[in-house]
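Trainee: Could you walk me through this structure before I start on my notes?
Mentor: Gladly, have a look at it and then ask whatever you like.

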Amino acid sequence: MNRTRIGAVTPGARYRISGFVENLRNKKKMAFLVIRDISGKLQVTVEKEKNAELAALVDQLTLDSVVTVEGEVVANEYVKMGGMEMLPDTLRIESVAEALPIQDDSDIDARMDYRWIDLRREQNQLMLRLQTTLTAALRDFLLVRRRGFVEIHTPKLIAAASESGSEVFEVKYFDTKAYLAQSPQFYKQMAMASGLERIFETGPVFRAEKSYTNKHATEFSGFDLEFSYVYTCEEVMHLEEELLAYAFAKVKAAHGEDIVRLFGEDKAVTVPTVPFPRITLAELYRELESRYGYTVPDEAKGDLTTEAEHLCARFSMEKYGSEFLFVTDYSAAERAFYHMRDERGVPMGYDLIWRGCEITTGAIREHRYDVLKKQADEKGLGEDVAFYLQFFRYGCPPHGGFGLGLDRLTMLFLGLSIKEVQFLFRGPNRLTP
């Protein structure tokens, strides 16, 4: 008999199931086991007096031992778990678990030390299934034929520091140095110069910054895209809002009820209405001051401060009834050198804020070699980006794009920290397991 996942079991048939022993009530005459796999839970009821062999095996079990059980599944209105139970005639112990070193209420660092055990929790398995649905939905949206996107995979070992000369991990590469890529940005733009026109990538991103916040990690999963023959920031924002509305609808349909059940009503997934509201940075600061008395120092007005970012959640809901807010018109001094600037010298880019947290930086890119080189020189990058500048010397279409952090999106969906939503977290003080 082939194994059946517990979520597919119905009364009135014989099944083989496998999973962890989540609960065990071992009485003199009866034993009640709750078996859990990633799809659900099922009560297994053993009448010990009728089967001495089964009784002996049950007596060996501990919580989180792994078993395979075969038997008839019958309806039982007194069983709270789905109104059914299995009456087994075969039980095999796959492995016996020692006493667990962590519990559900253990502190976060202890749970990270034993992450493979922590990941058994239903909340964490939902989190990973949510990430799977989210990533698949983002890909599906772009792969629809009329959108014409191509998936690429850019190298993560690079010869020069990407985007800037700081916050990169240096590694020994045979007899020279290499770096771990901060983002696929330069190679995404190379793809535009290659004539691929519309590309996306899902892959690891590395940031050598000693940040100890609940939203930063030294390695995370990015979802990036770039597309050609776009001329305004509005075109890039429009693609992103449609992409996210589509993906959120898929997440809600697949996991909405479970998210509310396990994480609370306040985490209910809202499918956003398109278009998302837009506001300039200067206008946003005026609104935050008049509404909440928040003032920002003159020297910080070219960028969005962390406190202002948090206030965006309240402001956007109050003014627009939206969890999302596009913020535009940042200072050129605070944006990357490859952002195109308009006739005012203002970068043609934006940040997207969701639930008071930045989830995207997007922009129209500068594709004219002479202007791009001048802007790189202004930032003092020069030789650091010499290889990148070569992409633009032989013709390159106008283009734009953005990147999303999949871990950060998951974090905001569920109200968790970045540590809790990564399969294995990497931070300044965490390299194991």
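Mentor: What follows goes from the whole chain to its sheets, its cores and a few single residues.

Trainee: What should I know before reading any values?
Mentor: This is a predicted model, in which local features need pLDDT of at least 70 and side-chain atom pairs count only at pLDDT 80 or more, while totals for chains, interfaces and linings use all residues. Residues are numbered from 1 along each chain as its sequence is written, and side-chain values use heavy atoms, with hydrogens and water left out.

Trainee: How many helices and strands are there in the chain?
Mentor: The chain has 12 helices and 16 strands, where helices (H or I, at least four residues) and strands (E, at least two) are DSSP runs numbered from the N terminus. Its C-alpha atoms fill a box of roughly 85 × 60 × 45 Å along the principal axes.

Trainee: And what share of the residues counts as buried?
Mentor: Of the 433 residues, 50% count as buried; buried means under 20% relative accessible area, exposed means over 50%, and partly exposed lies in between, using a 1.4 Å probe and protein chains only.

Trainee: Which strands form the open sheet of three?
Mentor: The order is 7-9-8, with antiparallel pairing, and two strands pair if DSSP finds at least two bridges between them. Strand 7 (157-158) and strand 8 are the edge strands, each pairing on one side only. Strand 7 pairs with strand 9 (residues 176-180) over two bridges, and Ile-158 has Tyr-179 in strand 9 as its bridge partner.

Trainee: What holds paired strands together in general?
Mentor: Strands of a sheet pair through backbone hydrogen bonds, either parallel or antiparallel.

Trainee: Where could I look for a parallel pair?
Mentor: Look at strand 6 (residues 150-151) and strand 10 (residues 198-206), which pair in the parallel sense over two bridges, with Val-150 bridged to Ile-199. Strand 10 also runs antiparallel to strand 11 (residues 219-228), joined to it by nine bridges, and there Thr-202 has Phe-223 as its bridge partner.

Trainee: Changing topic, which residues touch the most other members of the largest nonpolar core?
Mentor: They are Leu-225, Ile-359 and Phe-413, in a core of 51 residues. Helix 6 (residues 233-263) supplies the largest share of this core, 11 residues. A nonpolar core is a set of buried Ala, Val, Leu, Ile, Met, Phe, Trp, Tyr and Cys residues joined through side-chain atoms within 4.5 Å. There is also a second, separate core of 21 residues, which includes Ile-35, Val-67, Val-73 and Met-84.

Trainee: What does Phe-413 touch?
Mentor: Leaving aside neighbours within four places in sequence, Phe-413 is in contact (heavy atoms within 4.5 Å) with several residues, among them Leu-130, Phe-248, Lys-267 and Trp-354.

Trainee: Why does Leu-119 count as buried?
Mentor: Leu-119 counts as buried because its relative accessibility is 9%, and it lies in the loop between helix 3 (115-118) and helix 4 (122-143). Not counting residues up to four places away in sequence, Leu-119 touches Asn-124, Gln-125, Leu-128 and Phe-423.

Trainee: And is Tyr-173 buried or partly exposed?
Mentor: Tyr-173, found in strand 8 (residues 170-173), counts as partly exposed because its relative accessibility is 38%.
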